[in-house]
Amino acid sequence: MLRIDGTTGGSSLNIQNEAGATATFLFQVLRRQKWVIGGIVAVFVGLATLYCVIATPKYTASAELLIDTQQNRGLDVLPQLSGILDSGMVESQVQILLSERIAKAVIKELKFVEQAKERREQSQESLVARTLGMVLPFLFKPQVMSDFEIERQQIGSFLRELKVKRIAPSYVINIDFRSPDPAMAADVANQVAESYIIDQLESKYQATRRASVWLQDRINELRDQALAADRAVQDFKAKNNIIDTTRGLVSDQQLSELNTQLVTARTAVAEAQARYDRVASIVKQGGISGTSDEAVSDVLSNEVISKLRSQYLDAVKREADWSKRYGPDHVAVANLRSEIRGLQRALFTELSRIAETYKSDLEIAMAREGSLSKSLEGLVNQAKITGRAQVELRELESNAQSYRALYDNFLQRFMQATQQQSFPMTEARVITDASAPLSPSEPKTALIIGGSLVFGLLMGVSMGVWRERMNRSFRVPADVERYLGLDCLGVLPLVPSAAGPVAGQSAFDSSVGIFRQVVTDPFSRFAETLRAVKVSADVSIFGQSVRAIGIVSTLPKEGKSTVSANLAQLVAHSGQRCILIDGDLRNPSLTRRIAPKATKGLLELLLGQATFEEVAVVDPLTNLKFIPAAVPGEISHTNEILASEKMATLLDRLRQMTDYIVIDFPPMAPVVDVMASTRLVDGYVYVLDWGSSHRDLAVHTLRNAPKVYEKILGCLLNKVDVKAMKSLEDYGSKYYYHKYYANYGRDR
């Protein structure tokens, strides 16, 4: 038997103590009980939020001002208009914000006095006020207040709710205003900042206007100076015949172009001279050879020379042939020699004509070179004169550019000053606009909700730990190894329900369904896990020719019949002989699914009333043989039947006919049939329903069946929600590698 804990020997079955509150355990609790923890946290946060909603709120709106002289330094006309801030100056601005001048401006802008008068009139006109005034006129006499008194009252209330402070050590001033109405709090804070900025703008206006007047006078003076400087530049250019283009002076462009033409002309002279010298040397040689006229391209391309040379070579060939045939003194040979000499003279005459042509081209090229050289010399002299004049021109242009730049600078400053006069700048600017606060400043919502969040989290974790302690089911393979001391052979994922055989039809007559899972999807996790079961059985029951495997569970409906049918089909589908026996004589659910119409089965086979061939149901797809349990009614002593000698004899006879025997036994907790079968089987596979099988019941059941426990090969976790188990099991668990079973070898 394969076991994880090698120290667990014999039939010992010990429940290990619960894990302590380690960091790993707490992390597992957070992952497994996240929804419970989240719900508890949500309840506490909800209660805290409800309290904050019921409590009378007070809203505080905040705006921030920055006192910064650098922001408008570029628009300053004179340096003295901007000063250097110090702490005392910033504190002075705080006092200005708290002054009655700013308060009156805000009250006037937001019409607080008018609103106060309307509220007083409405309160005096109410039914309660009129009744009290008539009943107790000496106590509830209407009080008449002037606008001045209402304004003073509003100023006092306003200054009590207004808080202005400097955020040291910066130049930022914070403006806070409290009000039961969040929108009013934001409006007042923003209006305080706006009224302060308007007050500052008014003080800037006069200084800006004076600077604009001075700038305008200075601009008129600079404009006249710039115009005079530009006029002097243009007059000097006209006097010295200096013409500018976008690419420079015209004389410089002509000089560059003429220099390029002169270089080209000199190259042409050199080429013409070389051609003429070559032809002249050929003519001067006084003879012709096979290659002498090939040195000049025009000789090769000349049709006359090509024709004469062809005639000459033909005559030479005939002269040599005839001299050999008729002798060198023959008349015909002498005539050919005369013809050859004539052809030579014609060739040299044509070469001389080509030489004269080359000579003419050479003279033309030399004449063009001389003309270009004279023109270049004249332009160079003119460039020297223009260069001396440009020295003075650059000085005039520099003066003109200086006056123009100075004029443009003052003109730009004048435009800025004019704009600043129409909308002057101030050192103060709002860096944070007050907005209607979403949460009241009183009560302290964030603190209350934060505390409830922490407390709810503590309570949620405590509840999660309690639920973990109270959950007694098998949820991960490690639970099987920890509490039962058995090896977990694998996990069988929950297979989605698919169309199977109709009611009254055998599962062997359908190619789909849960009883056909290993056949229809042989590369699934389900099939691969059952292969692991078969391998474990082969290793554990090594040495026996026939392996009898019993499939058991603690309670009904944990999936043992499905595991039995699929395991048997897996073995048979691999080509080995296998017999599946429905050993549940109390509730033969496997028979109802595979052989619903069977009238003979295991009992008839034991009593000798039928043969194996008569009762066996053969699967046409895998050649699996199934022995049903055709029970005519309720049988009380099923354990006696399984423990009988006839049953042992039957299994011995079946061992001679097959390689594997898979027996679907009844659950162990309700009946004792499994304990009566320990001498019939070689090993058991214990099926546990994931998340449902109670581990205390499983431990109690196995503890009462020590002989069964000794032969258990391992356990299977059935109906597993793989995604849910990943959140329960530790990361990196060895039980997750089976996710590759379905794809390994198929992604090539």
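The model is a predicted one, in which local features need pLDDT of at least 70 and side-chain atom pairs count only at pLDDT 80 or more, while totals for chains, interfaces and linings use all residues. Residues are numbered from 1 along each chain as its sequence is written, and side-chain values use heavy atoms, with hydrogens and water left out.

Strands (E, at least two residues) and helices (H or I, at least four) are DSSP runs, numbered from the N terminus. Two strands pair if DSSP finds at least two bridges between them.

**The eight-strand sheet**

E13 belongs to an open sheet of 8 strands with mixed pairing, in the order E7-E14-E13-E8-E12-E9-E11-E10. At its edges stand strand E7 (488–493) and strand E10 (617–618); each has a single partner strand, so one side of each is left without a neighbour in the sheet.

What is the burial of strand E9 (residues 578–582) like? Here, buried means under 20% relative accessible area, exposed means over 50%, and partly exposed lies in between (1.4 Å probe, protein chains only). In E9, 5 of the 5 residues are buried, so the strand is largely enclosed by the rest of the structure. In a regular strand the side chains alternate between the two faces of the sheet. Both faces of E9 are covered, with Cys578, Leu580 and Asp582 buried on one side and Ile579 and Ile581 buried on the other. Cys578 stands opposite Tyr660 in E12, while Ile579 has Lys625 in E11 as its bridge partner.

Helix H17 (residues 560–573) lies across E7, E8, E9, E12, E13 and E14 and runs at about 165 degrees to E12. For such angles, axes are lines fitted to C-alpha atoms (for helices over the stretch in contact), and values run from 0 to 180 degrees between N-to-C directions. Contact means heavy atoms within 4.5 Å.

Strand E14 (residues 712–720) contains Ile712. At 0% relative accessibility, Ile712 counts as buried. Ile712 and Ala537 are 175 residues apart in sequence, yet 9.8 Å apart in space, C-alpha to C-alpha.

**The four-strand sheet**

Another open sheet has 4 strands in the order E2-E3-E1-E6, with antiparallel pairing. Its edge strands, each pairing on one side only, are strand E2 (162–167) and strand E6 (428–432). On average, neighbouring strands of this sheet are turned by 30 degrees against each other, direction ignored. Leu65 has Ile173 in E3 as its bridge partner. Helix H3 (residues 87–97) packs on this sheet and touches E1, E2 and E3, its direction making about 170 degrees with that of E2. Helix H7 (residues 147–161) lies across E2 and E3, at about 40 degrees to E2.

| Strands | Sense | Bridges |
|---|---|---|
| E1 (residues 59–67) and E3 (residues 172–179) | antiparallel | 8 bridges |
| E8 (residues 547–553) and E13 | parallel | 5 bridges |
| E9 and E12 | parallel | 5 bridges |
| E9 and E11 (residues 625–627) | parallel | 3 bridges |

**Nonpolar cores**

In soluble globular proteins, nonpolar side chains tend to be buried together. A nonpolar core is a set of buried Ala, Val, Leu, Ile, Met, Phe, Trp, Tyr and Cys residues joined through side-chain atoms within 4.5 Å. The largest one has 52 residues, of which Leu484, Ile581, Leu654, Tyr686 and Leu717 touch the most other members. Helix H22 (residues 645–655) gives this core its largest share, 5 residues. A second, separate core of 35 residues includes Ala527, Cys578, Leu624 and Tyr660.

How many aromatic pairs does a search of the whole structure find? There are 3. Rings of Phe, Tyr and Trp (its six-membered ring) pair if their centres lie within 6.5 Å; planes under 30 degrees apart count as stacked, over 60 as edge-to-face and the rest as tilted.

One of them, Phe44 with Phe455, is edge-to-face, at 5.1 Å centre to centre and 75 degrees between the planes. Phe44 lies in helix H2 (residues 34–54) and Phe455 in helix H13 (residues 445–470), so the pair ties together parts that are 411 residues apart in sequence. Phe44 counts as partly exposed at 24% relative accessibility, as does Phe455 at 43%. Phe665 and Tyr684 form a tilted pair, at 6.0 Å centre to centre and 55 degrees between the planes.

H13 has 26 residues and reaches 36 Å from its first C-alpha to its last, close to the 38 Å expected at 1.5 Å a residue; the expected span is 1.5 Å times one less than the number of residues. In H13, Thr445, Ser452, Gly456, Gly460, Gly464 and Glu468 are buried.
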